[in-house]
Amino acid sequence: MIKTRLVGLLSHAKKYIVYTILWQWAALLSQVLAVFSIADLLERVVYRAVTVPIIERTILILVLVVVIRFVCERMGARSSYLACVDVKRILREKIYEKISEQGYVTYDFFLPGLIIDALESGNAEHLAGWAQELIDKNIRTVNMLGCHDGIPLLDLKGILAEDRIQKLI
């Protein structure tokens, strides 16, 4: 089910949601084609009307369906990822803003990864941008540089590019 309020927060994601649905429909239609092809072959077996061209056609259709399904699954997963890549960051920002409006301090996981990124890349732009955003929105946070779970680099999705996070890992 699609939550309209969430989609409202992520208006840029609407096209990716539509793409995800279209890829899923294409995969479903290819599956229907496979079922009808197999049903046709089975019907011909029952009526003893199977020929080599019919078997070849069925095999070709099934191979085509497998390829279509593979492409649809990959592209659907990619579209789904692109639709939700900013969800965690945007929701976290909204939650932090609400909490800070009440005067509470929030626990944050970004600082360690952003420090490592700044040290590794020699560029503190993302770290400074993150800190400035906290200041601008009057969000007070509790940060630590490490814990028993390690440094949470995957939480940087939406702040750093995926390839940059992978380099840090």
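Student: Is tryptophan 130 buried or exposed?
Tutor: This is a predicted model, where local features need pLDDT of at least 70, side-chain atom pairs count only at pLDDT 80 or more, and totals for chains, interfaces and linings use all residues. Residues are numbered from 1 along each chain as its sequence is written, and side-chain values use heavy atoms, with hydrogens and water left out. The cut-offs are under 20% relative accessible area for buried, over 50% for exposed and partly exposed in between, with a 1.4 Å probe and protein chains only. Tryptophan 130 has a relative accessible area of 10%, so the label is buried.

Student: Which helix holds tryptophan 130?
Tutor: Helices are DSSP runs of H or I with at least four residues, strands are E runs of at least two, and both are numbered from the N terminus. Tryptophan 130 falls within residues 125-136, and that stretch is helix H6.

Student: Which residues does tryptophan 130 touch, leaving out those up to four places away in sequence?
Tutor: A contact here means heavy atoms within 4.5 Å. With that cut-off, the partners of tryptophan 130 are Asp108, Phe110, Leu111, Leu114, Asn143 and Ile159.

Student: What share of the contacts between residues at least 6 apart in sequence joins residues at least 24 apart?
Tutor: Take the contacts in the protein chain whose partners sit at least 6 apart in sequence. The share of these joining residues at least 24 apart is 70%.

Student: What radius of gyration does the protein chain have?
Tutor: The chain has 7 helices and 2 strands, in the order α-α-α-α-β-α-α-β-α. The globule rule, 2.2 Å times the number of residues to the power 0.38, is compared with a radius taken over C-alpha atoms. For 169 residues the rule gives 15 Å, and the chain is well over that, so it is more spread out than a compact globule, with a radius of gyration of 25 Å. Along its principal axes, the C-alpha trace spans about 80 × 35 × 25 Å, and the radius you asked for is 25 Å.

Student: What is the volume of the largest cavity?
Tutor: A cavity is a set of points on a 1 Å grid over the protein atoms alone where a 1.4 Å probe fits but cannot get out, and lining residues have an atom within 4 Å of a point. Points are joined across faces, edges and corners, and the volume is the space filled by probe spheres set on them. Searching the whole structure turns up 1 cavity of 30 Å³ or more. The volume of the largest is about 60 Å³.

Student: How many residues in the lining of that cavity are nonpolar?
Tutor: The lining includes Tyr107, Phe109, Met144 and Cys147. Ala, Val, Leu, Ile, Met, Phe, Trp, Tyr, Cys and Pro count as nonpolar, Asp, Glu, Lys and Arg as charged, and the others, Gly among them, as polar. The lining has 1 charged and 2 polar residues, and the nonpolar count is 8.

Student: Where does arginine 48 lie?
Tutor: Arginine 48 counts as exposed because its relative accessibility is 78%. Its phi is near 50°, a positive value in a residue other than glycine. Arginine 48 sits in the loop between helix H2 (14-46) and helix H3 (52-84).

Technical notes: On a 1 Å grid over the protein atoms alone, a cavity is a set of points where a 1.4 Å probe fits but cannot get out, and a pocket is an open set with protein on both sides within 12 Å along at least five of seven lines; lining residues have an atom within 4 Å of a point.
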